[in-house]
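Trainee: I would like a close look at a single part of this model. Please take me through it step by step.

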Amino acid sequence: MKIQFNKRSLFLIPMVSLALITTQAKSQSANPIHLGLKGGANFTDLSLNYGDLKNKYSAGYSAGAFTRVDIAKLYIQGELLYSHKSSKVESNTLGSEKTSWNSIDVPVTIGYKILKSDNLSLRVFGGGVYSYILNDKAHILQEVKESFKKFGKSNIGYVAGVGVDLGKITFDLSAQGSLTKMSSDFKSRPLTFQATVGFMIF
């Protein structure tokens, strides 16, 4: 029995060692490709310049998915978000009203991890964003001028911000501006500040 036990031990030792080495190698080589979900709140100023109209920030929300590819301390991230944005518009003659619109936003950013460890990363990022407006509710503006019906559907903008990763949880604070006018007749380039939280599925 003793000899049989020793033979089994000699057989198990390399098997156990191989399993330990494989497990350690997997833990040390992090997957550079990540997929996750995110959502949060935004605050938008329509930045409308027409007559006596004045603009104020109003709250909205966004939700969607993101994918990230890590390259050492650099990373590239793409997102697909459904966004609801609104802005308060005031007029001395027409009163005040919230304007709102829904859009599909596709930000693509390049980031750099200022601080990087196994469970904590501090990031800065910047890039471009494409937005396609699904619908808008801007009644007060349409009363001001019929041409506001030319509300641009496609818009190109920029985005910049900072972020923190805590394990699989991500936090982002960003500012998003427009490079194109939302209407051909109105000088409107919305500015949005956004705070989101995300979870990396893998």
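Which residues lie nearest the centre of the largest cavity, and how many residues line it?

Mentor: Some ground rules come before the answer. This is a predicted model, where local features need pLDDT of at least 70 and side-chain atom pairs count only at pLDDT 80 or more, while totals for chains, interfaces and linings use all residues. Residues are numbered from 1 along each chain as its sequence is written, and side-chain values use heavy atoms, with hydrogens and water left out.

Now the cavity. A cavity is a set of points, on a 1 Å grid over the protein atoms alone, where a 1.4 Å probe fits but cannot get out. Lining residues have an atom within 4 Å of a point. The largest cavity has 16 lining residues. Lys85, Ser131, Asn155, Gln176 and Ser178 lie nearest its centre.

Its volume is about 170 Å³. A volume here is the space filled by probe spheres set on the points, and grid points are joined across faces, edges and corners. Four strands each supply at least two residues of this lining: β5 (95-116), β6 (120-137), β7 (154-166) and β8 (169-178). Strands are DSSP runs (E, at least two residues), numbered from the N terminus. By class, the lining of the largest cavity has 6 nonpolar, 8 polar and 2 charged residues. Ala, Val, Leu, Ile, Met, Phe, Trp, Tyr, Cys and Pro count as nonpolar; Asp, Glu, Lys and Arg count as charged; the others, Gly among them, are polar.

Next, the second cavity. The count is 2 cavities of 30 Å³ or more. Strands β4 (74-91), β5, β6, β8 and β10 (191-200) each give at least two lining residues. β4 gives the largest share, with 4 residues. This lining divides into 5 nonpolar, 6 polar and 4 charged residues.

Side chains of opposite charge can pair when their charged atoms come close. The side chains of Lys38 and Glu79 meet in a salt bridge at 3.1 Å, N to O. The pair links distant parts of the chain: Lys38 is in strand β1 (residues 33-45) and Glu79 is in strand β4, 41 residues apart. A salt bridge needs a side-chain nitrogen of Lys or Arg within 4 Å of a carboxyl oxygen of Asp or Glu. Both Lys38 and Glu79 are buried. Buried means under 20% relative accessible area, exposed over 50%, and partly exposed in between (1.4 Å probe, protein chains only).

Lys38 has another partner. It forms a salt bridge with Asp172, with the closest N and O atoms 3.2 Å apart. This pair also links distant parts of the chain, from β1 to Asp172 in strand β8, 134 residues apart. Lys38 counts as buried because its relative accessibility is 9%. Asp172 is buried too, with a relative accessible area of 7%.

Now Arg68 and Asp165. Their side chains meet in a salt bridge at 2.8 Å, N to O. Arg68 is in strand β3 and Asp165 is in strand β7, 97 residues apart, so this pair links distant parts of the chain. Both Arg68 and Asp165 are buried. Salt bridges that share partners join Lys38, Arg68, Glu79, Arg123, Asp165 and Asp172 into one network. The structure holds 7 salt bridges.

Note on methods
On a 1 Å grid over the protein atoms alone, a cavity is a set of points where a 1.4 Å probe fits but cannot get out, and a pocket is an open set with protein on both sides within 12 Å along at least five of seven lines; lining residues have an atom within 4 Å of a point.
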